[in-house]
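Subject: Structure handover

Hello,

Here is the structure I promised to pass on. Please open it first, then read my notes below with it on screen.

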Amino acid sequence: MVAPQKADSNHQGVERIEDTGVDKPPRRRWLSRFDIGAKLFLAFGAIAGLTFLAAVIAWHLFDQVSINTSIVAEHSVPGMERSFQLAQESTLLSVSIPRLSRAQDAIELTARKSSTLELLDAIDARLAMFADAGPNASEAIQLDQIKVIVIQMRENLSQLFAAAQLDLEEKERRRKLLAE
């Protein structure tokens, strides 16, 4: 078995191996082996490589922005437009329902009821458009909840119409009693 060699360094930057007596050249950095032309070539090559990498990343990110813009333009904007129209129709509906109770005669009551039913039909059609657009799970649940509300509104509208008709009949009866 060979004994490990001990290194002895003198103060001149040369290491001497004791057993062999051979001088070893001083350790130098690997970059110091190249002349200035090679170093410049390596530096410009590294800059060019980093520039290429940055360009590839930028290209990919720009492509992602393009995809996201397409998604917004094709799906989100039409969805927002349908939502705005649904809100508009809901507002008109909320204004038209109280008018039923203020009808002065049966003809006006029937006309107001039919316009209110038309608004409910428009809301149903708008909800069908939302359903056709392929909603996600949470949107589908919300659509179902809104559809239930519209069905309840139709039932309540029938009750309100019946109450408004009774109110008109009562007003007519009072008018006849006062006229006598």
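Start in helix α3. D167 and K171 both sit there, 4 residues apart, which is about one turn of the helix. One thing to keep in mind throughout: this is a predicted model. The two side chains form a salt bridge, with the closest N and O atoms 3.7 Å apart. Why can they meet? An α-helix has 3.6 residues a turn, so residues three or four places apart point the same way. D167 is partly exposed, because its relative accessibility is 33%. K171 is partly exposed too, at 32%.

Stay in α3 for the next pair. E170 forms a salt bridge with R174, and their closest N and O atoms are 3.6 Å apart. These two are also 4 residues apart in helix α3, so about one helical turn separates them. E170 has a relative accessible area of 27%, so it counts as partly exposed. R174 is at 48%, which again means partly exposed.

A third pair follows. R175 and E172 join in a salt bridge of 3.6 Å, N to O. Both lie in helix α3, but here the spacing is 3 residues, still about one turn. R175 is partly exposed at 48% relative accessibility. E172 is partly exposed as well, with 35%. Elsewhere, salt bridges with shared partners link D121, D124 and R154 into one network. The total count is 8 salt bridges.

Is A164 buried or exposed? It is buried, because its relative accessible area is 7%, and the cut-off for buried is under 20%. What does A164 touch, leaving out residues up to four places away in sequence? The answer is L100 and L109. A164 also shows how the chain folds back.

Next, helix α1. It runs over residues 36-100.

Which residues of α1 are buried? They are G79, R82, L86, E89, L93, S96 and L100. What do they pack against? Their neighbours are α2 (106-132) and α3 (137-179).

Take E89 as an example from α1. E89 counts as buried because its relative accessibility is 13%. Beyond residues up to four places away in sequence, E89 touches L119, A122, I123 and R126.

Last, go to the surface. W30, L31, F34 and L42 make up a nonpolar patch there. Together they have about 390 Å² of accessible area. F34 sits in the loop between β3 (23-24) and α1. With 33% relative accessibility, F34 is partly exposed.

Best wishes

Notes:
Residues numbered from 1 in each chain as written. Predicted model: local features only at pLDDT ≥ 70, side-chain atom pairs only at ≥ 80, totals over all residues. Heavy atoms only, no water. Patch = residues over 30% accessible without salt bridge, like charges linked within 9 Å, V, L, I, M, F, W, Y side chains within 5 Å. Areas by Shrake-Rupley, 256 points an atom, 1.4 Å probe, with all protein chains shown as cover. Salt bridge = Lys/Arg side-chain N within 4 Å of Asp/Glu carboxyl O. Buried < 20%, exposed > 50% of the residue type's maximum accessible area, 1.4 Å probe, protein only. Contact = heavy atoms within 4.5 Å.
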